Amino acid sequence: MAMGWNRFRKKKDMPSGLWTKCDQCGAMIFKRDMEKRYKVCPECDHHFVLTGPERVELLIDEGTWIEEFAELSATDRLHFVDKVPYTDRIEKTVAKTGRNEAMIIGSGQLGGRPIVLGVLDFAFMGGSMGVIVGEKVTLAIEHAEREKLPLILVTSSGGARMQEGTLSLMQMAKTCNALGRFDSAGGLYISVLTHPTTGGVIASFAPMADMVLAEPGALIGFAGPRVIQTTLKQDLPPGFQRSEFLLEHGQIDRIVSREDLKEEIGRLIDFVKGPVVRAREAKVAEAEG
Ligand SMILES: [Zn+2]
């Protein structure tokens, strides 16, 4: 897969050395080797977290991406203050990431196929879902429905954004409602769960897909293992809440390595756009007629 991976490698991400240490296996890795593999450790296959823009670059053909609603930014309706006012937190995060919210949506081509893509960026307040994230997920779903395009959503999230209280929890119902309409209209939704996908995001739009893919070793679950262990007063099985565990227990459809992700999604779209979409479209036409 030829792609201009280096375009997103900013100078500030490349401090003094050419080497970095893997979080998982502790190996010293030549950074260029890791970047060639889209931030996957060449020694142990550990998948490092990608930023939102890196994820877009991984999946979308160069020069075809059109981002939408990038101007929408979080609002502080509850005038929430924890250690610092929420507005200060937003301002700092916007300055740090250069983006207005944790959700990136738009359209482009995936291996020559037009798609609508939404990516949750963990670098922006832990990819948490507030009102604007919920709105942007919904706008992406509606775009895909209007244009009859496959919808791909990639998640990495700590869950609902606590600074937006109940308003953030309402996004769970809102996004699922939009997906319900999309499904009735015969839309195709492929979800990609990446490390970590938790809380209100895994409890709403993330797993409500026709096909649920996950990257290897990703932490996926509602409450964290420590909370569950304390509540149940029981030891948890090894590998609990990791992609491999979920696959074994039938909660996801497939684990796909980052290097194969673009090709695999393309293959799935081609497969589903055949008989499945035709059958659904016939069903919709019958219901309408
Ligand atoms: Zn490693």
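Below is a working chat about the structure above.

Biologist: What kind of model is this, and how are residues numbered?

Modeller: This is a predicted model, where local features need pLDDT of at least 70, side-chain atom pairs count only at pLDDT 80 or more, and totals for chains, interfaces and linings use all residues. Residues are numbered from 1 along each chain as its sequence is written.

Biologist: How many helices and strands are in the chain?

Modeller: The chain has ten helices and ten strands. Both are DSSP runs numbered from the N terminus: helices are H or I with at least four residues, strands are E with at least two.

Biologist: And how compact is the chain?

Modeller: It is as compact as a globular protein of that length, because its radius of gyration is 19 Å, close to the 19 Å that the globule rule gives for 289 residues. The radius is taken over C-alpha atoms, and the rule is 2.2 Å times the number of residues to the power 0.38. Along the principal axes, the C-alpha atoms fill a box of roughly 65 × 45 × 45 Å.

Biologist: What share of the residues is buried?

Modeller: Buried residues are 37% of the 289. Buried means 20 or more other C-beta atoms within 10 Å of the residue's own, exposed means 12 or fewer, and partly exposed is in between, with C-beta atoms placed from the backbone.

Biologist: Which domains is the chain divided into?

Modeller: Domain 1 covers 18–48 and domain 2 covers 50–288. The bounds come from an automatic or database domain assignment. Seven residues from domain 1 and eight residues from domain 2 make the contact, where contact means C-beta atoms, placed from the backbone, within 7 Å.

Biologist: Which residues have the most contacts inside the largest nonpolar core?

Modeller: Leu117, Ile141, Leu151, Ile152, Ile190 and Leu193, in a core of 60 residues. Such a core is a set of buried Ala, Val, Leu, Ile, Met, Phe, Trp, Tyr and Cys residues joined through C-beta atoms within 7 Å. Helix 4 (residues 131–147) gives the largest share of this core, six residues. Each of domain 1 and domain 2 supplies at least three residues.

Biologist: What does Leu193 touch?

Modeller: Leaving aside neighbours within four places in sequence, the contacts of Leu193 include Thr155, Ala206, Val212 and Ile252.

Biologist: Switching to helix 2. Is helix 2 buried or exposed?

Modeller: Eight of the eight residues of helix 2 (residues 52–59) are buried, so helix 2 is largely enclosed by the rest of the structure. Among them are Glu54, Arg55 and Glu57. The cover includes strand 4, strand 5, strand 6 (151–157) and helix 9 (258–272).

Biologist: Where is Asp61?

Modeller: Asp61 is in the loop between helix 2 and strand 3. With 15 C-beta neighbours inside 10 Å, Asp61 counts as partly exposed. Not counting residues up to four places away in sequence, Asp61 touches Gly108, Gln109, Leu110, Gly111 and Gly112. Its C-alpha atom is 9.8 Å from that of Lys262, 201 residues apart along the chain.

Biologist: How do strand 4 and strand 5 pair?

Modeller: In the antiparallel sense, with eight bridges between strand 4 and strand 5 (residues 113–120). Strands pair if DSSP finds at least two bridges between them. Gln109 stands opposite Pro114 in strand 5. The hairpin has two residues between the strands, and Gly111 takes a positive phi near 55° there.

Biologist: What about strand 3?

Modeller: Strand 3 (residues 66–68) pairs with strand 4 (residues 103–110) in the antiparallel sense over three bridges. Ile66 has Ser107 as its bridge partner in strand 4.

Definitions and conventions:
Contact = placed C-beta atoms within 7 Å.
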